[in-house]
Every structure is written in structure tokens, then in C-alpha cells.
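Q: Please take me through the terms applied to this model, setting each value against its definition before drawing the conclusion.

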Amino acid sequence: MFIDTAQIYIKAGNGGDGAVAFHREKYVAAGGPDGGDGGRGGNVVFVADSNLSTLMDFRYKRKYVAQTGENGRGSRCNGKNAPDLVIRVPRGTVVRDAESNLVIADISGDQPVVIAKGGKGGWGNVHFATPTRQIPKFARPGQKGEELTVRLELKLIADVGLVGFPNVGKSTIISGISAAKPQIANYHFTTLSPVLGVVKVGPEASFVAADIPGLIEGAADGIGLGHDFLRHVDRCRLLLHVVDVSGCEGRDPKEDFEKINQELERFSSELAQRPQIVLANKCDIATQEQIDSFRTFIEEKGLLFLPVSAATRQGLDVLPGLVYERLKELPPVVVYEPEYVKPDPALKDPRAFTVTKESEHVWNVEAPWLEDILAGSDVDDYESLQYFQRQLMDSGVIDRLVELGVEEDDTICIGEYQFDYVF
């Protein structure tokens with residue numbers, strides 16, 4: 001099954017916690033603190049894999065979490081950094097932020113792309129030793145890794161895209177100029193997923209063509225299969241617009257040509273401006289009058305016209321060389337530039353907090369940075385509590401509580417901890 005969109009949750013690993021440890025050695029009475037730092041959490045890295053052609057795997061597994069960094073140890077031993085979580089996706093996958101739909105990265109090259117960074121490891125208690133605080137019994141916990149929900153969107157990387165109404169012969173043409181073997185039958189929507197084929201022109205000359213499933217009128221609004229596969233034409237540098245010039249199904253080739261271009265325009269105005277070569281297929285069963293009339297119609301628009309017959313291979317032998325020469329004049333395949341900007345922690349107040357009165361004599365302080373300090377502290381240790389109280393005073397939390405009317409013996413809630421307020 002061809003799956004070209006998926007939504008997954010990714011989370012980088014948290015940093016390891018710093019260690020609270022003290023040096024122990026024979027004949028050394030007061031070795032002092034020697035807790036090591038925690039290791040860095042694993043990043044979430046996306047890598048292009050040319051052996052993959054669908055996002056099927058992401059329909060069954062939707063949550064990807066990297067490992068946490070190792071905690072610090074005594075003797076100033078730092079924890080090991082966690083390995084990166086590598087997610088392999090088909091080449092040409094665009095990663096978007098699910099909330100804003102902005103492009104985070106285009107996984108088209110060979111370089112790995114870090115989408116979510118792991119948290120830094122926490123400091124061991126060796127960093128908190130001062131002349132007046134010589135036995136700190138607290139350390140800093142590791143920072144949390146980045147997490148976000150992303151939308152994966154596969155946009156096939158092809159130089160040339162074959163577009164046109166169903167049953168006009170696109171699959172037969174691509175099978176005739178490349179080694180691709182799509183399913184071919186005389187009914188509409190035989191092709192249910194894009195088909196890629198490498199077209200060889202010479203010993204070191206080739207290009208990639210994509211057979212895009214048949215478009216119909218209203219495809220840009222989700223009618224038929226076109227809505228699902230129009231995105232795969234985005235990267236194509238050149239379009240081969242295949243039209244049934246014989247009108248054997250009772251359709252007017254001129255109307256077909258205009259309708260397909262209208263759908264391309266509605267989907268993307270930029271896409272509608274891509275260069276086109278118009279292939280008048282089934283010319284073996286068309287009259288000369290039909291061919292000449294359609295040729296005049298196309299050439300008046302300034303487009304290159306080529307009569308072909310997929311059934312008899314008329315025109316197919318010259319088509320690869322013609323396309324290759326045209327591609328030389330065109331810019332390279334489109335690569336999407338990142339649009340998403342991660343929130344800059346530097347723009348936020350690192351000591352931001354909010355104080356709310358939950359009920360009579362009960363106050364709640366929301367401050368993630370304070371909770372981190374508490375998580376790495378020994379609340380039964382006098383020096384640890386002193387350090388914590390100093391953070392409360394320096395950050396303005398105490399002043400805010402007094403301003404709001406806190407009273408003695410009121411309960412102060414910070415995360416999972418509760419304290420009694422004492423003047």
C-alpha cells in the first residue's frame with residue numbers, strides 16, 4: 001500500500017541527572033563533593049533512505065522517544081551521552097510542524113537532520129561547592145528533551161511528471177521509455193499510486209520520470225485520486241501533459257488539456273507555470289484533422305507538441321532525448337527551505353513564575369525551574385533548603401506572595417511539594 005502522509009509524535013531524550021556524591025579515600029578526612037554531571041539526552045535525527053518508497057511504517061508506530069542520558073556518578077564521573085534516535089524516511093519526505101503546518105526540514109539530501117535536540121545533562125554537586133557551602137547535598141537534574149508532533153509528507157523526487165486524465169496512456173508511455181512496470185488496463189484509475197521510472201538516454205545520461213495517477217476535474221478539491229497525488233508533481237521540473245487526441249472516450253482533447261491545467265493552477269500557481277511538453281497520445285487511431293487541429297491549439301500557447309502512440313511506440317524513441325535536452329535548460333529539483341522557527345528559550349524569562357491563591361491559606365507557585373531545583377535537592381538537608389530559599393528570594397517569589405497577602409503558616413504548593421510559610 002502506498003502511504004504518503006503520516007503524523008507522529010517525537011521526543012528527544014532528557015538529560016541525565018547530576019550526582020550528589022562525596023570523595024571517599026583512606027587518610028582523606030574531608031574529600032569534598034565529587035558528583036559528576038549527567039549525560040546528554042539522545043537527539044531525534046531524520047535520515048533519507050533511498051530503499052524506502054512509502055510512509056507505511058509510520059501508520060503503525062506513531063510515537064518515537066529517544067533515550068535519556070546516563071546519570072552522573074561519584075569520583076566526578078560524568079554520565080554517558082545517550083545515542084541518537086535515527087528515523088529513516090523515504091528520500092523527498094517533508095517534515096512539517098503539525099500545529100502550524102510550517103516546514104521544519106526537507107529530507108532530500110544525504111545529510112542527517114536533527115529535528116528534536118536532547119536535553120543537556122544536569123550538574124553534579126561539585127559545581128555548587130563554595131567557601132561557605134562546602135558540602136552541598138543537591139545537584140541539578142537534566143534538562144528535558146524537545147518534543148513535538150510532526151506531519152510527514154512524501155513528495156517524490158522526479159525530474160519529469162506525467163499528468164493527464166485517467167486512461168490516456170500515461171502508464172503505457174512510462175513503461176515504454178523506462179524499466180518501470182506499472183499495472184496497465186483499459187479502465188480508469190488503473191494506477192492507484194505514483195510510479196517512478198529511470199529513463200536512460202545515454203551511457204551517463206538519464207532522468208527520473210513519475211507516472212502520476214489520473215487527475216480529473218475537481219482534483220484540487222479532493223475529487224478522485226488527484227488530490228492525494230498532486231503533491232508529487234511539486235518537485236517535477238518538467239511536465240509531460242498526456243492527452244488522448246483521438247477523443248475515443250467521447251471527450252474533447254482541448255477541454256481535457258484546459259481542465260488539467262486549471263486543477264494544477266488551483267493546487268499551486270507555481271506548479272501551473274512549470275514547463276510542459278504536450279504528448280498527443282493515441283494518434284494511431286486519430287484522424288489527421290484531429291491531430292492538426294490540436295497541434296495548432298497547443299502551438300498557439302507556445303508549448304512543444306509531440307504526436308505519440310504508446311501502443312505502436314510512435315514518437316517514444318525520440319521522447320527521452322527531447323526531454324533530456326529540455327531538462328538541461330531548467331533549474332534543479334525543488335528543495336523546500338525550513339519555515340518553522342523553534343521557540344527561542346533566550347526570549348523567555350528563565351525564572352518566570354506565576355502565583356495563584358487556590359483557597360483560603362493555600363497558594364500555588366507555578367515555576368518549572370523551581371521544581372527542577374527541588375527535584376535535585378535534599379529537602380531534609382539544611383544547606384539544601386538554604387539554597388532553595390535563596391532562589392525563592394532572589395527570583396521575587398517571596399515578594400510576590402507578600403504582595404498578594406500571604407500569611408504565616410499558609411501552605412505554599414510548588415509542584416508536588418508543600419511548605420509552610422514562616423516570616
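A: Arg326 has a relative accessible area of 29% and is therefore partly exposed, since buried means under 20%, exposed means over 50%, and partly exposed is the range in between (1.4 Å probe, protein chains only). The model is predicted, so local features need pLDDT of at least 70 and side-chain atom pairs count only at pLDDT 80 or more, while totals for chains, interfaces and linings use all residues. Residues are numbered from 1 along each chain as its sequence is written, and side-chain values use heavy atoms, with hydrogens and water left out.

Q: What makes the contact of Arg326 with Glu329 a salt bridge?

A: The term requires a side-chain nitrogen of Lys or Arg within 4 Å of a carboxyl oxygen of Asp or Glu. The side chains of Arg326 and Glu329 meet at 3.0 Å, N to O, and form a salt bridge. Elsewhere, bridges that share partners join Arg96, Arg151, Glu153 and Lys155 into one network.

Q: How many salt bridges does a search of the whole structure find, and how do you know that the pair of Asp84 and Arg40 is one of them?

A: The search of the whole structure finds 18 salt bridges. For Asp84 and Arg40 the closest N and O atoms are 3.7 Å apart, and the pair forms a salt bridge. This pair links distant parts of the chain, 44 residues apart, with Asp84 in the loop between β3 (63-65) and β4 (85-90) and Arg40 in the loop between β1 (5-11) and β2 (44-49); helices (H or I, at least four residues) and strands (E, at least two) are DSSP runs, numbered from the N terminus. Asp84, at 36% relative accessibility, is partly exposed, and Arg40, at 28%, is partly exposed as well.

Q: What makes the ring pair of Phe58 and Tyr64 tilted?

A: Rings of Phe, Tyr and Trp (its six-membered ring) pair if their centres lie within 6.5 Å, and planes under 30 degrees apart count as stacked, over 60 as edge-to-face and the rest as tilted. The structure holds eight aromatic pairs. Among them, Phe58 and Tyr64 have 5.8 Å from centre to centre and 50° between the planes, and the pair is tilted. With 4% relative accessibility Phe58 counts as buried, and Tyr64, with 10%, is buried as well.

Q: Why is the pair of Tyr417 and Phe419 called stacked?

A: The planes of these rings stand at 15° and their centres are 6.5 Å apart, so the pair of Tyr417 and Phe419 is stacked. Tyr417, at 30% relative accessibility, counts as partly exposed, and so does Phe419 at 23%. In another place, ring pairs link Phe257, Phe294, Phe297 and Phe305 into a cluster.

Q: How do you know whether Gly164 is buried or exposed?

A: Gly164 has 1% relative accessibility and therefore counts as buried. Its place is in the loop between β9 (160-163) and α1 (170-177). Gly164 and Leu240 are 76 residues apart in sequence and 8.5 Å apart in space, C-alpha to C-alpha.

Q: What is noted about the phi angle of Arg76 and that of Asn101?

A: Phi of Arg76 is near 55°, a positive value in a residue other than glycine, and for Asn101, again not a glycine, phi is positive and near 65°. Arg76 is found in the loop between β3 and β4 and is exposed at 55% relative accessibility. Asn101 is in the loop between β5 (93-97) and β6, and its 39% places Asn101 among the partly exposed residues.

Q: Which residues gather in a patch of negative charge on the surface?

A: Patches consist of residues with over 30% relative accessible area and no salt bridge, like charges being joined within 9 Å. Glu358, Glu366, Glu371, Asp372 and Glu416 gather in such a patch of negative charge. Glu371, which lies in helix α7 (residues 368-375), has 34% relative accessibility and counts as partly exposed.

Conventions
Patch = residues over 30% accessible without salt bridge, like charges linked within 9 Å, V, L, I, M, F, W, Y side chains within 5 Å. Areas by Shrake-Rupley, 256 points an atom, 1.4 Å probe, with all protein chains shown as cover. Lys, Arg positive; Asp, Glu negative; His and termini not counted. Charge placed at Lys NZ, Arg CZ, Asp CG, Glu CD.
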